[in-house]
Every structure is written in C-alpha cells, then in structure tokens.
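Trainee: Could you walk me through a structure today, taking the side chains a few at a time?

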Amino acid sequence: LEKSQGTPMQVDNVKWLESWQGRFRASNKRAGKKLSETLKAGIPWGSFEDILSDEPHESNNWVIGPQHTVSGKPLLSNDPHIRFGAPGVWFAVHLVDDSSEQAINVTGVTFPGVPAVMSGRNRNIAWGVTNTGADVQDLFVLEANSDKTKIKRLGFWESLSRRDEVIEVKGGKSEKFTVYDSFYGPTINHVFDLPKESPLIAL
C-alpha cells in the first residue's frame with residue numbers, strides 16, 4: 001500500500017497480530033461456552049464449524065459476460081470463503097505435460113491429496129467451486145481419569161504425551177503453550193477454556 005505521494009506506508013504487524021489474536025481468543029471463549037452447553041444438553045453437535053462461528057458464512061462465484069469486458073472474453077470470479085488456518089487448506093499448483101498431443105497446462109489451487117485442480121484455468125476455460133461445508137475434522141469424546149492425564153482405549157489406560165511449543169514473534173514476546181497428545185489427536189479443552197467437568201475432547 002502506498003500513500004498518494006508514493007511513500008510506502010508503515011504497518012505495525014505486531015500490533016495487528018495482537019489485535020487479531022485478541023479477537024480470536026474472544027471467539028474461542030464463545031466457542032468453548034457453546035461447546036460446553038452442547039455437551040451438557042446431550043444433543044448432537046452438528047458441524048464443529050457451527051460451534052466455532054457466531055456469524056453466518058457462505059461462498060460465491062460469478063461470471064461477467066464477454067459483452068461487458070474489454071477483452072471481449074468472459075471473466076470468472078470464485079470465492080469459496082474458506083477461513084484462514086494453519087496449515088492452510090489450499091495450495092497453488094501448475095501442472096504441465098507436453099508429452100502428448102493433448103498437452104496439459106493447468107494452473108490453480110487444490111487440496112493436499114487431491115489429484116486435480118479444484119479451482120483454476122487452462123488455455124481455454126476457467127472453473128471454480130463453492131464451499132459446501134465439507135467435513136474435514138472429527139472430534140473425539142475421550143474417557144479420561146480424574147485429572148485428564150490418561151485415557152481409556154481398547155480397555156487399557158494410556159497416558160497423554162506432553163510437549164511444550166514456542167512460537168517466536170519477531171519484535172514481540174514469544175507465545176508459549178503446551179500440547180497434550182492422544183492416540184486420536186491433540187486435546188482441545190484448554191484451547192477453548194472448557195469447564196473442568198467437561199469430558200476430554202481430542203481433535
């Protein structure tokens with residue numbers, strides 16, 4: 001971004017990140033409360049996406065006809081409205097194969113493990129997808145001991161493994177947190193500030 005006189009604007013990334021983290025933590029507390037209420041009510045959770053979000057969301061795509069463009073060709077806009085995450089869901093690809101008569105030259109984005117370009121273009125056409133709310137994660141309610149350091153699996157008690165993580169923040173204070181891993185994945189009770197009486201949940 002530049003000002004009108006062409007001088008680059010200075011953006012304080014650390015302050016922006018802290019502001020974003022504050023909103024994220026507030027959202028986590030709301031999600032934790034909602035998840036706890038759902039567990040106490042004993043009703044189906046529905047999608048975890050519904051628990052995480054207090055706001056509606058959707059995706060869209062649209063096309064501008066050739067009669068409305070300078071080039072005389074249609075323009076496609078595609079926005080699946082997939083939220084930011086780490087790791088990210090999308091990755092960019094460029095597939096080229098000139099070894100056959102029907103040469104392939106496709107660029108766009110796709111998901112890890114999918115042998116196709118989900119949203120992209122080749123020499124002749126472009127295509128896109130809308131977000132249909134795919135199930136990309138599972139939650140496991142675990143049977144745990146009183147201090148939630150062990151879980152019962154296949155009739156036996158297993159201890160959770162623990163590791164300490166540090167995220168270095170340039171120009172700021174490092175973020176330190178502890179991860180508790182189970183056979184089913186990391187537990188998330190402490191991430192969403194769930195009450196102590198809530199069952200242990202792994203993602």
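Mentor: We will go through ring pairs, salt bridges, some backbone angles and one threonine. This is a predicted model, in which local features need pLDDT of at least 70, side-chain atom pairs count only at pLDDT 80 or more, and totals for chains, interfaces and linings use all residues. Residues are numbered from 1 along each chain as its sequence is written, and side-chain values use heavy atoms, with hydrogens and water left out.

Trainee: How many aromatic pairs does the structure hold?

Mentor: It holds three aromatic pairs, where rings of Phe, Tyr and Trp (its six-membered ring) pair if their centres lie within 6.5 Å, and planes under 30 degrees apart count as stacked, over 60 as edge-to-face and the rest as tilted. The rings of Trp90 and Phe111 are stacked, because their centres are 4.5 Å apart and their planes are at 15°.

Trainee: Where do Trp90 and Phe111 lie?

Mentor: Trp90 is in the loop between β2 (75-79) and β3 (91-97), while Phe111 is in the loop between β4 (104-110) and β5 (119-121), so the pair ties together parts that are 21 residues apart in sequence. Strands (E, at least two residues) and helices (H or I, at least four) are DSSP runs, numbered from the N terminus.

Trainee: And is Trp90 buried, exposed or in between, and what about Phe111?

Mentor: Trp90 is partly exposed at 26% relative accessibility, and Phe111 is partly exposed too, with a relative accessible area of 23%. Buried means under 20% relative accessible area, exposed over 50%, and partly exposed in between (1.4 Å probe, protein chains only).

Trainee: Which residues do ring pairs link into a cluster?

Mentor: Phe140, Phe183 and Tyr184 are linked into a cluster by ring pairs. Over the face of Phe183 lies Arg153, at 3.6 Å from the ring centre; a charge sits over a ring if NZ of Lys or CZ of Arg is within 6 Å of the ring centre and within 35 degrees of the ring normal.

Trainee: Switching topic, how many salt bridges are there?

Mentor: There are five salt bridges, each being a side-chain nitrogen of Lys or Arg within 4 Å of a carboxyl oxygen of Asp or Glu. One of them joins Arg162 and Asp164 (3.6 Å, N to O), and both of these residues are exposed.

Trainee: Which residues are linked in a network of salt bridges?

Mentor: The network links Arg163, Glu165 and Asp181. Arg163 meets Glu165 with the closest N and O atoms 2.7 Å apart, and the side chains of Asp181 and Arg163 also meet in a salt bridge (2.2 Å, N to O). Asp181 lies in strand β11 (residues 175-182) and Arg163 in strand β10 (residues 161-167), so this pair ties together parts that are 18 residues apart in sequence.

Trainee: What about the backbone, say phi of Lys148 and of Leu154?

Mentor: Most residues other than glycine have a negative phi. Lys148, however, has a positive phi of about 60°, and phi of Leu154 is near 55°.

Trainee: Last one: is Thr187 buried or exposed, and what does it touch?

Mentor: Thr187 is buried, with a relative accessible area of 6%, and is found in the loop between β12 (185-186) and β13 (200-202). Not counting residues up to four places away in sequence, Thr187 touches Leu142, Leu160, Tyr180, Leu200, Ile201 and Ala202, where contact means heavy atoms within 4.5 Å.
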